[in-house]
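Visitor: I'm new to this one. Can you walk me through a few spots?

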Amino acid sequence: MILKHLKQPIIAQITVLVGFVLFSLAGLKAGNILLEQRQNYLQGLVKNEQIKVEISHVLQKKLFEINVKIHDLANVNSASEMNRIFRRFETLRHDVDRTLEVLHQGGEWVESYPVNFGGEEIITRQLTYKNYQIQKIDLQLIELTAKLTDLDQIVEQFSAVIKLKIKAFEKRDAQLVAEAVNRVSQHYKGIEPFFVRILENSYRLHFESQQEMERIHAIHAGFVRRFNSVENTSGIVMAGLILLLGSFVLRSSRRILNERDGYQLELVAANENLEKKVQVRTLELEKEVAERKQAEDHVADQAAFLLNIIESLGHPFCVINADNYEIVLANTAAGLTVGKETMTCHALSHHQLLPCSRQEHPCHLQIVKKTGKPVVLEHVHTNSHGEKITVEVHGYPVFDPSGKLIQMIEYTLDMTAKKKAEKALLEAKEQLEDKVKERTSALEEQIFKRKKAQLTLIKSERHFRRLIENISDIITIVDAAGMITYTSPSAESILGFSPSDVIGQDVRNLIKPEDMTYLDMHELYAKYQAMDLMRYRVVTPDGSYRVLESLIRKFEQDDGSEAYILNSRDVTTRVEAEEETRKLRLVIEQSPDSIVITDTEGRIEFVNAAFEETTGYRSAEVIGKNPRILQSGKTPAARFTQLWKTISRGKVWQGEFVNKKKNGEHYEENVLIVPIKNLHGEITNYAAVKENITELRRAQKQAVSANQAKSIFLSRMSHELRTPLNAINGFSQLMLKSKKHPLTEKQRHMAEQILSAGDHLLQLINEVLDLARIESGEFTLSLEPVDPQQILRECLSLAQPLADNKSITLINRCSGHHFPFIRADQTRTKQVLLNLLSNAVKYNHQGGTVEISTALEDAGFLRFAVSDNGLGIAEDKHKDVFMPFTRMVDNPDAIEGTGIGMTITKQLVEHMGGEIGFESRLGEGSRFWFVLPLCTKKVPLEQVEASLNNGAEIEKAESSDEHLKHLLYIEDNPTNISFMREVVDDIGGFTLEIADSGEAGIQAAINRTPDLILLDLNLPGIDGFQVYRQLKAQPETEFVPVVVVSADAMEKTVKKIEKFGFNGYLSKPVKIDLLKKTLTETLGVE
Amino acid sequence: MFCARLVSALLAFFIFSGCDMRQYPYPQGSDRREILIYSGMTMIKPLLEIKTLFEEREHCTVKISYGGSGHLLRSVGVNKIGDLFFPGDQSYVRNLEKQGLIFDQVEVGYNQIAFFSQPGNPKGLEANLSQLVDKSLHVVVGNEKSGAVGRETKKILEKAGIYQAVMQNALYLTTDSKGLVKALKDKDADLVVNWKAVGFIPENRDQMYLIPLTEDAAEKVPLVMSVLKYSQHPELAAKFMDFSVSETGRKIFQRYGFRD
């Protein structure tokens, strides 16, 4: 229908045709854009899948490398090598997790490719992948994720085996090494096939990625083909349609043109008819022109009449052409001379070539032209005599019939006389105003100067007031009678007097009378005016004293009277410090110990009287000299080196010297040297406090000698006692066992008493003999490599019956640990340990606990510790623990003992090159420890083998506990601990150890490596995060899984926990199921 | 009239075709429901047959993650997805059951440990456990930590008191039964300990020699299929389970030696 309407006008048809063509082209273009979008999208998908293939390839590479690292791990022989491999392993694991995450969730992976062999130059490639099928199950990702979790566990277990291997290598023991290598090999047997499975998944992932890429690629290729086909077909169809529509428009246009030719012929005929009508009209117009000329003549007569009237006017009158300012008509009064009829109005009245200026001398003609209305202005014109006259100009517009301004009528009235009178009046007024202004200005200047002077005065006064009010000194003004007229505010802060309290008071009332004998102000001034300071005490309102130093000045007041200014300063602190210094100096000078103060170069600056007395040198003889003048040559040179090394670092040094007096006599002294530092921490001097210990040493030597003599005596006595005692004990036993002569009940009882007393006496004699031997140096030790485990096992088995008698639990914290051999006497070490164990049992409550533990010390020692929760030792008895014949209990008879066991123990440990000590609190228990040196020589293989065999037996014996997983719970809250104990008991399969602080937890984990640590975050001392860091820094606990148990469930804390890499997080109150699940998953147990 | 219709058609094509320009070309059948089965390695052959029949019948997709049962157990724990769990030993199902992750279960057959040697049994090996510690033989066994076959092997060997000795003697440990088959095919092993059903798989028959063990030495282990609580399509999973114990399923499992 639309086309039908458009068929008629040719332009409309062509417009439709063009419109159709444009629309078709636009349509084709739009279609092309959409199809291109689709093509680009598919191309993007192909690239996306290519990236997936690439990432899966990266994943393969990483897994291969992990495989290689595990293989390398199997061959490591040192901890550093293992740690290096672990670090790389962790990096690779992180990379693998990240690639899996990108493959599953989509995201970005940045892969680095080394360009050269050394990897100095690296190209990074950014791979961004989007998973369009995230909702679909991806088997390979699922299996890989799970297998990698398995892998972590396997590696963790494998690492434990590797650590054993490294330890075996460190011990350089062939047997242990072989055993460890065997275990590594056995573990590795399971790892390699497992890795084959992981790699299978990665191959499949790679293959499936490639398949998906090919599928998308095929879709893309098919689309491209279809796209080209559609594009060509639609082009052809559109071209055909355009041609069809074009031919239709052409045919229609031809028909319209034929119709136009017919219309043109009709137009020619109409033109001829029109020419005839024009000739008739011309004749009519000529007649009308003749009539109009006659009317014009009449008008000219009327104009001449008007000109005569204008000429008769007394004032200048002009008619001016509005276009060019030329005077068209003027009367005689205007002064226009003959021959200048074409003169302009401005030439006539102003003798100038241009019209008047608009601003200064406005042109009335221009105003009339602009406004179209009459105007009256004042002008200065030049008259016909050349004089300047003031005129009033009247201008009137003249319009043509169409309303256009063509001329202007101007007539002028002379105003010169009137203007002169006005000007004279104006000048007189201006003169009067100038005089008024001049007078006003003079007055204002005077006022300004006065105000400025006042301001300067106020400012100055304020400045000085502030100065006085803010100085720390007290400024006091006193009149000649001694009355205070002013005091500065500092009096309040220093003395506690407010100015209002003291103004009007006599200044001398405030001063302590005995400090101020000059009561008259004139005398005071006369005494102190020459810059001398008065020092006196002032009684403050609280009754205390402040010491002031004052300067006094006299001045004359405004009224001519004399007054005094007292400028006082509080010197109380300085005076007190001077007093302290005086006291200290007295102490130093009167000290019985020699005191020497030197500069940093060692030059003596001060010595006290005791020094002079001890050395025989006078002070003047040694000042400026070096203390080495006292050297006897008997003090080792290394001691002086050590001394200087210590004190030059700002530390205190203490030691002993053998020095020489002035008279050459030697003496021994104990010296304490302290560096003296200034306020900036710099050492300025050294102070030495020296105690003469010559007599003390002599006394000690005598005491040792006497002690040895006593021991020898006791030894002989004991030996003599043992002989009859053997007979007493032996026959007592024979009497009790005799079947031939059985004893009566009473006799048996008496014989048993004899035997019991004899046994006790024998034990006492044995120990006395032992002590005597040790002290007299008559005993020998067989120092050899000793297995600490063996000592422990034997001692524990001996102590067990004692413990059982009192229902005491013996806990061995060393079970399962292997320690290096120590260098000690096996029998004596057993004696020491057994003594500590038996004491821990003896001095314990019924049902108590005794723990034994061992730990390696940094300095090449092994520490044995025996702890109990028994009676403990009062602090005042600590010093007597190792003294012979002293008992630590209030009722010694209740607990059997000789009182010399600990003395012997100490002697033995020290003779074996070790040290012994203890910590104890009354009522809480004791912890005795001793250290013995590790064996530095290689231990014979047979001995190690024997040790291991024994260990195996013991481990078997303890195997009932071995299958239980060991948990360490680091928690300080008793309620939580109690709850956890119950929960763990309920779950079963675990042993639980408690540590109530972070530090204790770390130590416990090192002593006995747990399978898992449950860690509270809020602990006394170091917090849970610090504990975690320290655990990860220790080789023994580095790989122990740590699960947080905390009441802090803040998002920030949870994120921090995740960031730290804890193995789990349980919020309090702990849900039993969740705890069980965490333990099961983390430890891989059921 | 014709031109007007043509223009309208073109307009409609260009306007509406734009809507699908960025639609992902999912593969055919991707809109089907999917279930994921965790299956022990040994049962994979019969399970694949059942899967094909079930997919046709229910117009769905069945995906199977297979491997060592221990690994599958951990995979369930780690991934927390999946519909059916079908390990080589019912103890793994018990484990998940304790954690409350099992919705329903059914026994579909049994497994039993057996010896396998090279085809034709060239070394004349017998159903005697002590052969496993013979240092002259290359012995390969399953890893108890990763698969049911390893776990069951450990159980049998511990009962005989020779587990540690066998571990010492083993050439290597495989993660699952497939690894044990491969050990024989690659001629790595003279003797492997594997599920008896492995010998029923047609492509294995000529590659190995089955030496059955008595029930005294190796008990029959029930095979249990269970629906996981993580299931996205529990009704479909239950149908699969039912289909596995249907007449069709029974015959398939029987053919592969999992039923008498």
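This is a predicted model: local features need pLDDT of at least 70, side-chain atom pairs count only at pLDDT 80 or more; totals for chains, interfaces and linings use all residues.

Visitor: Which residue does Glu212(A) form a salt bridge with?

Guide: Its partner is Arg215(A), and the closest N and O atoms are 2.8 Å apart. Both residues lie in helix H5 (residues 174-311) of chain A, 3 residues apart, about one turn of the helix.

Visitor: Is Glu212(A) buried or exposed?

Guide: Glu212(A) counts as buried because its relative accessibility is 13%, and buried means under 20%.

Visitor: Now chain B. What does Lys155(B) pair with?

Guide: Lys155(B) forms a salt bridge with Glu152(B), with the closest N and O atoms 3.7 Å apart. About one helical turn separates Lys155(B) and Glu152(B), because they are 3 residues apart in helix H5 (residues 148-160) of chain B. Lys155(B) is partly exposed at 48%, whereas Glu152(B) is buried at 2%.

Visitor: Which way does H2(B) run relative to H10(B), parallel or antiparallel?

Guide: Helix H2 (residues 44-58) of chain B packs against helix H10 (residues 247-255) of chain B at about 155°, with axes 9 Å apart. That angle makes H2(B) roughly antiparallel to H10(B). The crossing is right-handed.

Visitor: And the surface? Which residues make the nonpolar patch of about 360 Å²?

Guide: Ile14(A), Val18(A), Leu22(A) and Leu25(A) make that patch. Val18(A) is in helix H2 (residues 10-74) of chain A, and Val18(A) counts as partly exposed at 44% relative accessibility.

How values were computed:
Residues are numbered from 1 along each chain as its sequence is written. Chains are lettered from A and ligands numbered from 1 in the order in which they are written. Side-chain values use heavy atoms; hydrogens and water are left out. Patches are made of residues with over 30% relative accessible area and no salt bridge: like charges are joined within 9 Å, nonpolar side chains (Val, Leu, Ile, Met, Phe, Trp, Tyr) within 5 Å. Accessible areas come from the Shrake-Rupley method with a 1.4 Å probe; for residues, only the protein chains shown count as cover. A salt bridge is a side-chain nitrogen of Lys or Arg within 4 Å of a carboxyl oxygen of Asp or Glu. Helices (H or I, at least four residues) and strands (E, at least two) are DSSP runs, numbered from the N terminus. Buried means under 20% relative accessible area, exposed over 50%, partly exposed in between (1.4 Å probe, protein chains only). Axes are lines fitted to C-alpha atoms, for helices over the stretch in contact, and angles run from 0 to 180 degrees between N-to-C directions. Angles under 35 degrees count as roughly parallel, over 145 as roughly antiparallel, 65 to 115 as roughly perpendicular and the rest as oblique. A crossing is left-handed if the near helix is turned anticlockwise from the far one by less than a right angle, and right-handed if clockwise.
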